[in-house]
Amino acid sequence: MRLPHSILLSLLMAARPTAAQSPTGTFGWHLGGGIEAVRFGHVAVSQAVPGVPAEVRPTPRPALHLTVGRAMGHWRVDLETGWAGGYLEAGNDVLAVQDKGAQVARYRLGLAIARRVATTGSGTIELALMPTLDLWSVDGDGRVRAGAEGQMVLRVPLGAVELVNRLSAGLSGNPIQAEDLGDVSDLRGLRALSVGIGLRFPI
């Protein structure tokens, strides 16, 4: 059975909006910023109190970041700077104590390379890898540590801007040295988990 030309034309016209909603590559520069909640794994076990070992870690803290980047189709590259101020804490399964006598702040520089992997409604999901270079200020002593962070990013358009949600896991060098704590064991790299939200603006 042959369809009349008018029906074929109507079907083609109706298909165009659907095609317009399918994911397409985007290109251009953007600025962004956001805030995250960061938690760290312990970096050492203190034996300062005999028989009562305590795990030592940077305290959980908010972290701020600013980014500038460029989207190239399904790929994105971002240069990121960040800051996260806080202290050290030591504890076990029963008690945790924060040492607020010394600042332990992190200043970050990272380069993220992201790839769009899926869409959900009007949003897109990306996976990113970001090599990092952190300057830790430990009671005024600057210590540079390299690392890497993996990210899962959900981007949702809000008019001319995008809402950016991200979940991150990272590993970097230990900013704490044995002489900071005295009698220590189990020195290890710094593991971090974070969840954050931000905005991205085209430029």
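Analyst: Strands are DSSP runs of E, at least two residues long, and helices are runs of H or I, at least four long, both numbered from the N terminus. By that rule the protein has 2 helices and 13 strands. The model is predicted, so local features need pLDDT of at least 70 and side-chain atom pairs pLDDT 80 or more, while totals for chains, interfaces and linings use all residues. Residues are numbered from 1 along each chain as its sequence is written, and side-chain values use heavy atoms, without hydrogens or water.

User: What makes the pairing of R143 with D141 a polar contact?

Analyst: The term needs a pair of N or O atoms within 3.5 Å; within protein, one must be able to donate a hydrogen and the other to accept it, and residues adjacent in sequence count only if both atoms are side-chain atoms. The side chains of R143 and D141 make such a contact at 3.0 Å.

User: Which residues does R143 touch, leaving aside its neighbours within four places in sequence?

Analyst: Contact means heavy atoms within 4.5 Å. With those neighbours set aside, R143 is in contact with D134, L135, W136, V138, P175, I176, Q177 and D180. W136 has a list of its own: F40, P58, R61, V104, A105, R106, D141, G142, R143, R145, P175 and L190, again not counting residues up to four places away. For the protein as a whole, 60% of the contacts between residues at least 6 apart in sequence join residues at least 24 apart.

User: What makes a group of residues a nonpolar core, and which members of the largest one touch the most others?

Analyst: A nonpolar core is a set of buried Ala, Val, Leu, Ile, Met, Phe, Trp, Tyr and Cys residues joined through side-chain atoms within 4.5 Å. The largest such core has 13 residues, and among them F40 and W136 touch the most other members. β1 (26-40), β9 (123-138) and β13 (190-202) are the elements that give two or more residues to this core.

User: Why is a space called a cavity rather than a pocket?

Analyst: On a 1 Å grid over the protein atoms alone, a cavity is a set of points where a 1.4 Å probe fits but cannot get out; a pocket is an open set with protein on both sides within 12 Å along at least five of seven lines, and lining residues have an atom within 4 Å of a point. The count comes to 3 cavities of 30 Å³ or more. Volume is the space filled by probe spheres set on the points, which are joined across faces, edges and corners. The largest cavity comes to about 180 Å³. It has 18 lining residues, of which H65, T67, V164, R166 and R200 are the closest to the centre.

User: Which strand gives the largest share of the lining of the largest cavity?

Analyst: β13 does, with 5 residues. At least two residues each come from β1, β4 (61-73), β5 (75-84), β10, β11 (161-172) and β13.

User: How many residues of that lining are charged?

Analyst: Asp, Glu, Lys and Arg count as charged, Ala, Val, Leu, Ile, Met, Phe, Trp, Tyr, Cys and Pro as nonpolar, and the others, Gly among them, as polar. The lining of the largest cavity divides into 5 charged, 8 polar and 5 nonpolar residues.

User: Which residues lie closest to the centre of the second largest cavity?

Analyst: This cavity holds about 90 Å³. Of its 15 lining residues, E36, E80, R106, R108 and E149 are the closest to its centre. The lining has 6 charged, 4 polar and 5 nonpolar residues.

User: What lines the second largest pocket?

Analyst: Its lining has 14 nonpolar, 3 polar and 4 charged residues. The volume of this pocket is about 440 Å³. V56, E89, A90, D99 and L181 are the closest to its centre among the 21 lining residues. β6 gives the most, with 4 residues, and β3 (54-58), β6 (88-91), β7 (96-99) and α2 (178-181) each give at least two.

User: Why is V97 classed as it is for accessibility?

Analyst: V97 has 49% relative accessibility, so it counts as partly exposed. V97 is in strand β7 and, outside four places in sequence, is in contact with L88, E89 and A90. Its C-alpha is 9.7 Å from that of A54, 43 residues away in sequence.

User: Why is D139 called exposed?

Analyst: Its relative accessibility is 58%, so D139 falls in that class. D139 lies in the loop between β9 and β10 and has a positive phi of about 55° although it is not a glycine.

Key: Buried < 20%, exposed > 50% of the residue type's maximum accessible area, 1.4 Å probe, protein only.
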